[in-house]
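Let's take a friendly look at how two chains can sit together. Have the sequence and the 3D view ready as you read.

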Number of protein chains: 2
Amino acid sequence: MRLILASASPARLGVLRGAGIEPVVRVSGVDEDALTAKLTGATPVELVTALAAAKADAVATGIAAEHPDAVVVGCDSMLHIGGELAGKPGCADVALRRWQAMAGGTGELITGHTVVRLDRGVRTAAASGAQSTVIRFSTPTAEEIGAYVGTGEPLQVAGAFTLDGRGGWFVDGIDGDPSSVIGISLPLTRRLLAEVGVPVVSLWS
Amino acid sequence: MRLILASASPARLGVLRGAGIEPVVRVSGVDEDALTAKLTGATPVELVTALAAAKADAVATGIAAEHPDAVVVGCDSMLHIGGELAGKPGCADVALRRWQAMAGGTGELITGHTVVRLDRGVRTAAASGAQSTVIRFSTPTAEEIGAYVGTGEPLQVAGAFTLDGRGGWFVDGIDGDPSSVIGISLPLTRRLLAEVGVPVVSLWS
């Protein structure tokens, strides 16, 4: 039984490796924008769960021949800061304004996962779940914000911060699961694996 | 200006490296048991702060000639579970009993840091602080506890768990700073560095 990570995220891969699992990585190619557009009126929890399920389903379909006995894990996360969805800033100006706005405030990360189980290439079970984590941002000085943006790190990450990189200096604390903030919730994934009958320890390398 | 980490802990070194600092590592040789015995009646916060200060002081004294312009960071942590101080289990039987007792419960990690600043080999400033983080443990099955103890990971770590290793599967969440649970609190260290006049970003590699 192999764990298939339906995500290209190096952060998610790093969390799994650190926790004793060497997954097969397979990217779903799901059109997230198109699916999100279809789900108007969905709550954030419904949205991340639907996106995680779509990714896990797509990869499970494509991988069944190559890895007939597998659990496919799909992931999606959304970060809300100041009542808005916080994507990747993309450029330094946007990252700078984000940090000026979120310094001293809080954010909420909503994480959804879906696990699809394959036995002999046939889908035999699936489980989905979501959870929420509060992030409390520090109040960096203008010099610190400038230096952090200057490293380039916050430009390409949702919410303009990382917990396990330089951004960690500027997060006072969280209330929830730290692995979900980095990219994949270990306790939620463990519970979903158990729901489809696969103890997480059976996947440890 | 170099950051000197007054600790042999690979977890602390890993947190600092991940957050953009390559410290000089120097171990203090402070007799923690002897110092703790002297501090009867001290609160946990007073105790971790005193131990962190003793380590930073000892290393600052020894390193001034070699690194005359430096900030020395001393660290100490204590984990309370079930009202008791949780050290390293040392052997599989103790680790197993610990997990049977702490499954589904909470722990409290108290972290103390001291920063000593050296300029031209002279101690010019120092700052100390402490903070607390709550850890909420999952309820692993007997099979999971057995497999986890079997990896050997929990035997040599305080509290019989890690947050960034296989133990992460069995921690539902925390309320506080995740870097302090791994070994060194980035936001507390940043505040203490600022107190001695050294912006953390000036230490980034």
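## How the copies are related

To compare copies, they are superposed by least squares on the C-alpha atoms of residues with pLDDT of at least 70 in both. Chain A is superposed on chain B by a rotation of 180° with 0.0 Å of shift along the axis, and the RMSD is 0.0 Å. That is the relation of a two-fold axis. Which residue of chain A comes closest to the rotation axis? A:Asp175 does, with its C-alpha at 2.1 Å.

This is a predicted model, in which local features need pLDDT of at least 70, side-chain atom pairs count only at pLDDT 80 or more, and totals for chains, interfaces and linings use all residues. Residues are numbered from 1 along each chain as its sequence is written, while chains are lettered from A and ligands numbered from 1 in the order in which they are written.

## Where the chains touch

Two residues are in contact if their C-beta atoms, placed from the backbone, lie within 7 Å. By that rule, 29 residues of chain A are in contact with 29 residues of chain B. Strand 7 of chain A gives the largest share of the side that touches chain B, six residues. (Strands are DSSP runs of E, at least two residues, numbered from the N terminus.)

## Strand meets strand

Two strands pair if DSSP finds at least two bridges between them. Strand 7 of chain A pairs with strand 7 (residues 171-176) of chain B in the antiparallel sense, over three bridges. Look for A:Gly176, whose bridge partner in strand 7 of chain B is B:Ile174.

Key:
Helices (H or I, at least four residues) and strands (E, at least two) are DSSP runs, numbered from the N terminus.
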